[in-house]
Amino acid sequence: MKFDSSGVAAVKARADIVEIVRRYVDLRPVGGRLVGACPFHQETKGSFNVHPERGYFHCFGCQASGDVIDFYCRINGLEFREGLERLADEVGVRLDSGRPDPRAGEKKRLRQACLDMHALADAFFRRCLASPEGTAARDYLARRGIVPEVAAKFGLGYSPAGWQALEDVLKKKGFSPAQAAMAGLLSKREDGRTWDRFRDRLIFPIRDVAGTVVAFGGRIMGEGDPKYLNSADSPIYRKGDHLYALCDARPSMAKSRRAILTEGYVDVITLHQFGYGDAVGVLGTALTPEQIKRLLGFCATVDLVFDGDGAGRKAALRSAEMLLATGAACRVTLLPEGEDVDSLLQTRGREAFEACLSGADEGLRYCFRAVSAMARKEQIAWAEGFLGKVCDANLRAAYAPRVAAALGLSEAELRGALADTVVRRQAAVPASRRREHPGLELDPRERCIVTFAARCPEYVPALRELGAGDYLSGSAARSLWARLAALGDGDPRLVFEELELDFVLEARRLGELPDEARQELFEEISGFLRATRSESARKELMEAMRRARAVGNTGEEMRLFAELNALLGRGDE
């Protein structure tokens with residue numbers, strides 16, 4: 001669905017980009033902009049810039065950029081439509097679709113009905129837990145060591161043993177059994193007979209990232225199968241899209257930049273009870289790309305914590321592969337045999353759990369250990385499969401030598417596997433989208449500078465005066481810069497080699513930037529280059545002072561000290 005442009009503009013006007021970004025990033029004022037550590041890649045320096053007056057953000061490190069809607073979607077792992085709708089709700093803007101959808105009203109009513117039924121079911125399950133019929137469930141929670149305050153925080157409930165208890169509640173509120181079955185709250189046979197999906201189970205509400213209940217998980221408290229029963233997919237829920245407790249963990253994750261990812265509702269709740277507020281859980285499935293996308297909107301590192309049995313080791317390997325393939329940092333902790341997160345924390349406390357975390361394997365190293373016992377043919381197949389998942393050419397090039405060295409593979413074996421993988425991937429991509437430049441490996445900041453120079457050649461002389469050429473250290477970037485600086489108004493086809501020409505033409509195909517955007521981007525690059533030059537000068541002065549002090553030249557040391565003070569006084573202006 002496309003939305004009317006006036007509605008999108010109204011959201012941008014109403015949503016304060018600084019207020020939204022500050023939920024996740026500590027910002028400090030620098031000139032007319034705000035600067036902080038980028039939430040989309042790992043860094044400690046402030047590459048992330050927010051321009052309040054213009055309403056956009058830009059990161060020099062990873063090149064992330066856009067307006068407040070782009071930021072909101074990216075940080076929350078949402079597609080544009082869903083992110084726009086949620087942000088519009090937050091700021092009180094009503095959206096109208098630009099192209100009428102004859103079923104739009106029906107879809108909206110269906111979704112709202114599902115949400116309303118889940119809200120009713122959530123309240124019903126909570127009442128049942130607090131009622132006399134919930135005594136066994138409360139006793140079970142007490143035996144598991146879950147305190148009432150934590151149970152209330154996570155909205156735990158109880159589903160009665162009857163077959164139509166929830167169905168009757170929904171009927172009284174005007175919802176038919178067919179509607180409730182469509183929402184995933186009732187089960188339905190081919191003959192039309194319906195019954196409560198969850199019966200005599202401890203209930204765990206599943207919330208989306210905004211905190212709205214969209215599904216439930218139910219755990220049996222005695223003997224029987226299945227031990228866990230989850231909601232079926234519905235108009236408001238797909239289990240591969242969500243993570244348990246993400247809405248609760250989001251504030252802690254935004255501060256710690258870490259997530260603890262494990263399996264099981266009780267394990268996640270126990271982690272929170274013991275002070276690990278950045279814990280989340282998968283929902284009865286293997287980790288999915290959609291879950292990773294949502295997770296990495298809030299954190300830079302993921303601690304995978306799994307049981308030490310065969311199933312846990314296999315799940316850890318697959319999860320680590322998927323995270324590493326995106327460029328995310330991850331660690332793997334396998335718990336002692338026979339232990340899970342809940343049992344370890346409840347019986348041996350935080351100290352024992354911290355000891356396990358301290359022995360975690362870095363993600364790639366864990367993968368190497370996991371496949372080291374495989375036959376050579378299987379190792380090559382694993383290397384091919386893992387590297388084949390890494391879509392970024394630079395990241396793949398960084399992983400490849402580590403994979404080869406760790407598994408004892410020859411370069412020829414690895415090159416052959418990679419070549420086959422790349423050929424297959426490229427064959428699956430339409431020709432119009434095949435614009436890879438394998439020979440140009442550029443640092444992200446260097447890429448930003450040379451891309452701007454290629455796109456806005458009139459700024460090249462000013463960049464040269466600021467020392468852009470001195471900052472560029474990579475051979476590809478320096479070669480590009482030298483030719484861009486010499487190009488002037490000339491035809492790039494007469495100056496550049498093939499790969500460099502592709503880079504320049506691709507940059508220019510992006511189209512011309514508005515004058516104000518050009519000037520602001522130039523000012524950002526200028527500020528970065530000045531700060532870099534100032535830092536380099538500071539280090540040189542400090543080293544010169546050290547040498548003067550070493551030979552007892554107090555006068556020279558004091559002169560250099562005065563020069564250093566003057567430099568620091570100028571800041572990065």
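Is Cys299 buried or exposed? I started there. Cys299 is buried, at a relative accessible area of 3%. I note that the model is a predicted one.

**Entry 1: the cysteines**

I stayed with cysteines and looked up Cys367. Cys367 is buried too, with a relative accessible area of 0%. Next I asked which cysteine sulfur is closest to the sulfur of Cys367. I found it in Cys330, at 6.8 Å.

**Entry 2: the whole chain**

I stepped back to the overall numbers. The chain has 573 residues, and 48% of them count as buried. I found 25 helices and 16 strands. I also looked at how far apart in sequence the contacting residues lie. I took the contacts with a separation of 6 or more, and 64% of them join residues 24 or more positions apart.

**Entry 3: Arg33**

Where is Arg33 placed? I found Arg33 in strand β2, which covers residues 33–36. Arg33 has 18% relative accessibility, so it counts as buried, the limit being 20%. I then listed what Arg33 touches, leaving out residues up to four places away in sequence. The list is Arg28, Asn49, Val50, His51, Pro52 and Glu524. I also checked a distance to Phe57, which is 24 residues from Arg33 along the chain. Their C-alpha atoms are separated by 9.5 Å.

**Entry 4: α11 and α14**

I turned to helix pairs. Helix α11 spans residues 265–273, and helix α14 spans residues 341–358. Their axes are 10 Å apart, and the packing angle is about 30 degrees. The two helices are therefore roughly parallel to each other, since angles under 35 degrees count that way. I noted the crossing of α11 and α14 as right-handed.

Which residues of α11 and α14 meet? From α11, I wrote down Val266, Asp267, Thr270, Leu271 and Gln273. From α14, I wrote down Val341, Asp342, Leu345, Gln346 and Phe353. By class, this contact has five nonpolar, three polar and two charged residues.

**Entry 5: α19 and α22**

I looked up a second pair. Helix α19 covers residues 444–455, and helix α22 covers residues 475–487. Their axes come within 10 Å and cross at roughly 20 degrees. So α19 and α22 are also roughly parallel to each other. The crossing of α19 and α22 is left-handed, whereas that of α11 and α14 is right-handed.

The α19 side of the contact is Glu446, Val450, Ala453 and Ala454. The α22 side is Ala477, Leu480, Trp481 and Leu484. I checked the classes for this contact as well. There are seven nonpolar residues, no polar ones and one charged one.

**Entry 6: the loop between β11 and α10**

Two residues in this loop went into my notes. Asp241 is found between β11 and α10. Asp241 is buried, with a relative accessible area of 13%. Which residues is Asp241 in contact with, leaving aside neighbours within four places in sequence? I found Glu290, Gln291 and Arg294.

Ala245 lies in the loop between β11 and α10 as well, and α10 covers residues 246–256. Ala245 counts as buried, at 5% relative accessibility. I stopped at its backbone. Phi of Ala245 is near 70 degrees, a positive value in a residue other than glycine.

**Entry 7: backbone exceptions**

Most residues other than glycine have a negative phi, and most peptide bonds are trans. With that in mind, I looked for other departures.

Asp200 is one: its phi is positive, about 50 degrees, although it is not a glycine. Asp200 sits in the loop between β8 (194–196) and β9 (201–207). Is Asp200 buried, partly exposed or exposed? I found 36% relative accessibility for Asp200, which means that it counts as partly exposed.

A cis peptide bond joins Asp225 and Pro226, with omega at about -5 degrees. Pro226 is in the loop between β10 (213–220) and β11 (228–230).

Conventions. Residues numbered from 1 in each chain as written. Predicted model: local features only at pLDDT ≥ 70, side-chain atom pairs only at ≥ 80, totals over all residues. Heavy atoms only, no water. Helix = DSSP H or I, 4+ residues; strand = E, 2+ residues; numbered from the N terminus. Buried < 20%, exposed > 50% of the residue type's maximum accessible area, 1.4 Å probe, protein only. Axes fitted to C-alpha atoms, helices over the stretch in contact; angles between N-to-C directions. Parallel < 35°, antiparallel > 145°, perpendicular 65-115°, else oblique. Left-handed = near helix turned anticlockwise from the far one by under 90°. Contact = heavy atoms within 4.5 Å. Nonpolar A, V, L, I, M, F, W, Y, C, P; charged D, E, K, R; others polar. Disulfide = S-S within 2.5 Å.
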